[in-house]
Amino acid sequence: MADKMTKMELEEPDKLQIFFEEFMEYVKHNRTKIMIIAAAVVGLLLLIAGWVIYDRSYESKAGELYEAAFLVEKSGEAQGAAMAVKQYKDLMAAYPRSNAAVFASYRLGNLYFKVNRYDEAIGFYNQYLEKASRSNDLTTLVLSALGASYESKKDLKKALEHYEKAIITPADNGFVAVNYQNAARIYEEMNNKAKALEYYKKALAITVDPSAELLIKRKIALNS
């Protein structure tokens, strides 16, 4: 009949009782071991929580220093650039592992480039590349800036190397046409008209700037 209990159902409470008794017996004989494991787990959780709190505070303080330096840089004051350089360097020294320090190296590269101190610019741009993700628009800009730095130093081989790296960065950006033009210009300076023509045509195919389009067409005509 449906209201009669099966043998398994009758035995189930006994099994639960046996399991509970065995478990309590295990706890009784292994209390010290269990307490050590529990303490270790709690300690690990507290350590992780402490690290998360510390890391957030670390990044927050670094971010505040970056914002302060950036405002000084963009203030337009006569000594603004020099003060910003010092503040960015202080930030990188105090918080070297922070995201703000990575961006500070990019800003320092730009500041040194503007005053024609290309070796220092190259050094800071490379520091950025060592730590930053390769799949973002800023990395493309840094590679292009490295190309411009080497071009200014008349190191055409290195300039071309970095312009071509900028072209193939995986970021979805609007700088590809500009970097094709940059590479084409270097090939032109190296008297490689065939490659210059190839790259100018690639730039023309994707450029959306009417003034740039006119310039590229002139270059294509000169190198044809």
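This is a predicted model: local features need pLDDT of at least 70, side-chain atom pairs count only at pLDDT 80 or more; totals for chains, interfaces and linings use all residues.
Residues are numbered from 1 along each chain as its sequence is written. Local features need pLDDT of at least 70, side-chain atom pairs count only at pLDDT 80 or more, totals for chains, interfaces and linings use all residues, and side-chain values use heavy atoms, with hydrogens and water left out.

**Helix pairs**

Helices (H or I, at least four residues) are DSSP runs, numbered from the N terminus. Axes are lines fitted to C-alpha atoms over the stretch in contact, and angles run from 0 to 180 degrees between N-to-C directions.

| Pair | Angle | Axes |
|---|---|---|
| α3 (residues 80-94) and α4 (residues 99-114) | about 150 degrees | 9 Å apart |
| α4 and α5 | roughly 160 degrees | within 8 Å |
| α4 and α6 (residues 137-152) | about 30 degrees | 11 Å apart |

The angle with α3 makes α3 roughly antiparallel to α4. Likewise, α4 is roughly antiparallel to α5. With α6, α4 is roughly parallel. The cut-offs are under 35 degrees for roughly parallel and over 145 for roughly antiparallel.

The crossing of α3 and α4 is left-handed. α4 also passes α5 in a left-handed crossing, and α6 in a left-handed crossing. Left-handed means that the near helix is turned anticlockwise from the far one by less than a right angle.

**Contacts**

Contact means heavy atoms within 4.5 Å. For the classes, Ala, Val, Leu, Ile, Met, Phe, Trp, Tyr, Cys and Pro count as nonpolar, Asp, Glu, Lys and Arg as charged, and the others, Gly among them, as polar.

On the α3 side, the residues that meet α4 include Ala-81, Val-85, Tyr-88 and Met-92. Their partners in α4 include Ala-101, Ala-104, Leu-108 and Leu-111. This contact has 12 nonpolar, one polar and two charged residues.

Toward α5, α4 uses residues including Val-102, Ser-105, Tyr-106 and Phe-113. Among the α5 residues in this contact are Phe-124, Gln-127, Tyr-128 and Lys-131. The classes here are 10 nonpolar, four polar and two charged.

Toward α6, α4 contributes Phe-103, Tyr-106 and Phe-113. α6 answers with residues including Leu-138, Leu-141, Val-142 and Ala-145. This contact has eight nonpolar, two polar and no charged residues.

**Cavity**

A cavity is a set of points on a 1 Å grid, over the protein atoms alone, where a 1.4 Å probe fits but cannot get out; lining residues have an atom within 4 Å of a point. Grid points are joined across faces, edges and corners, and a volume is the space filled by probe spheres set on the points.

The count comes to one cavity of 30 Å³ or more. The largest cavity holds about 30 Å³ of space. α4 gives the most, with three residues. By class, the lining has three nonpolar, two polar and one charged residues.

Technical notes:
Helices (H or I, at least four residues) and strands (E, at least two) are DSSP runs, numbered from the N terminus. Angles under 35 degrees count as roughly parallel, over 145 as roughly antiparallel, 65 to 115 as roughly perpendicular and the rest as oblique. On a 1 Å grid over the protein atoms alone, a cavity is a set of points where a 1.4 Å probe fits but cannot get out, and a pocket is an open set with protein on both sides within 12 Å along at least five of seven lines; lining residues have an atom within 4 Å of a point.
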